[in-house]
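Please read each point with the structure in view.

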Amino acid sequence: MKSELPTTKLLGKVISVETQAQSTGPPQPSATEYQALNIETVKSQEAPKRSMRAIFENNLFIVYSTGSAICFGVHNYMQAVGMMKWRNSVSILFPEFIPLLIIPMIYHLKVGYKHIKPEHGSIWSKHRSVFFDKDTASFRFLPLLFVALRAIGATLIPVNVSWITYLSKEVGLNAAVVQSFSTFSSFTIALLFYILYKERLTIMHIIGMLMIITSLLIVAVGKQMSANNPQTHSADDDLYLTSIEEGNMPPANVGVKEPTLLNILVPFMVVLWTCVLLTKGAYLSRAARSVQYPPIQYVSDFCFGSGLIYLFAFIYQHFYVEPFPISCILFMSMAGISVSCAFQLLNLSVLSGKGALSMAIAQTQNFFWLFFDMVISLRFPQFYEALSMGVGICGACIITLAKK
């Protein structure tokens, strides 16, 4: 009997398999194979999980803006302490020229040696300078004007804070609460950008503005009511009214002014001037971007300009009026470092592309000032002051986060 050929055997197997498939259907996977296949299908349908590092990097602007608010709060608190300890005047700010000059110089030297010198053989190049036209090499006046005006504003705002501190304590108000009314600048900035850039105002802008105005009324009415209650007066209100030598306490008979409505509103008038300066600063920052001024360099340059103003004022005050103690110079230099860091952190946060939320978080700086005042100096606000601060900052956040 002859053996079957290999082709015949293979054909028989194929026919057998087809016959089985017709009778029983396609071969089914086993239970184990089906379970594994089902798990893989579910996994493939799941959205890819984001790593913790990616989540942190996408929300880094929160870290920057919160750090900026803390640094601004530290600076304002240290400025107020300096006014209590050494001299009750704006001259307490002048020693801040040291970090305001040194930090920008370090930045420019680092950028020059790292980027410009390898390409052009020197740490400065006219071709790469924002102050010269790249095509004609002619001097550009606008960038210099923007940075000079911003430097003047950055100098005047802390000066206003010192005046607000002094005037607030004269009528027995917490300076951090009064300064929080500067959040009204959120509305003035929105109004200015509506006029200049056609960024429309929404109902949320109006609601936020009304909340800020309400916060002012809460302070004014609350202070008038507490003036008739001697138990609400704190002996600590007198600390800001006199220049105190180191280690000495103020005279016990120093008192606050009678808290009439006019006296209460005086520090708020200074705060309105601060709002004007903040609005001008926001416009200048936007205008600087229109002339291709690098944002980090812009902040460094106007800090340097502010440091020059403080330097000349410090020389005059130290040598012709009253010398600064070494302890005061060192203390206020630390405050200058804090405000320099605040400017750069806020700038980095805005560059993240979420400028509105960054500005809203930065508005909480006065909360941190009040926090340091309570924890370190044990100065607690009245209930109406805390309520006013919360309403005002909520209003500013509503304005800042309102959709354009």
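This is a predicted model: local features need pLDDT of at least 70, side-chain atom pairs count only at pLDDT 80 or more; totals for chains, interfaces and linings use all residues.

1. I393 is buried, with a relative accessible area of 3%; buried means under 20% relative accessible area, exposed over 50%, and partly exposed in between, with a 1.4 Å probe and protein chains only. This residue is located in helix α15 (residues 383-401), where helices (H or I, at least four residues) and strands (E, at least two) are DSSP runs numbered from the N terminus. When neighbours within four places in sequence are set aside, I393 is in contact with T183, Q363, T364 and F367; contact means heavy atoms within 4.5 Å. From C-alpha to C-alpha, I393 lies 8.7 Å from M211, although the two are 182 residues apart in sequence.

2. Residues are numbered from 1 along each chain as its sequence is written, and side-chain values use heavy atoms, with hydrogens and water left out.

3. S68 belongs to helix α4 (residues 60-85). S68 is buried, its relative accessible area being 0%. Apart from neighbours within four places in sequence, its contacts are A342, L345 and L346.

4. How do the axes of helix α6 (residues 141-170) and helix α11 (residues 295-321) cross? They come within 8 Å and cross at roughly 60°; axes are lines fitted to C-alpha atoms, for helices over the stretch in contact, and angles run from 0 to 180 degrees between N-to-C directions. The helices α6 and α11 are therefore oblique to each other, since angles under 35 degrees count as roughly parallel, over 145 as roughly antiparallel, 65 to 115 as roughly perpendicular and the rest as oblique. Residues of α6 in this contact include F146, V147 and R150, and those of α11 include Y298, D301 and F302. The residues of the contact divide into 10 nonpolar, 3 polar and 2 charged; Ala, Val, Leu, Ile, Met, Phe, Trp, Tyr, Cys and Pro count as nonpolar, Asp, Glu, Lys and Arg as charged, and the others, Gly among them, as polar.

5. Q292 lies in the loop between α10 (261-290) and α11. Q292 has a positive phi of about 60°, although it is not a glycine. With a relative accessible area of 58%, Q292 is exposed.

6. The count of disulfides, pairs of cysteine sulfur atoms within 2.5 Å, is 0. C341 is in no disulfide, and the nearest cysteine sulfur, that of C71, is 5.3 Å away. C341 is partly exposed, at 35% relative accessible area.
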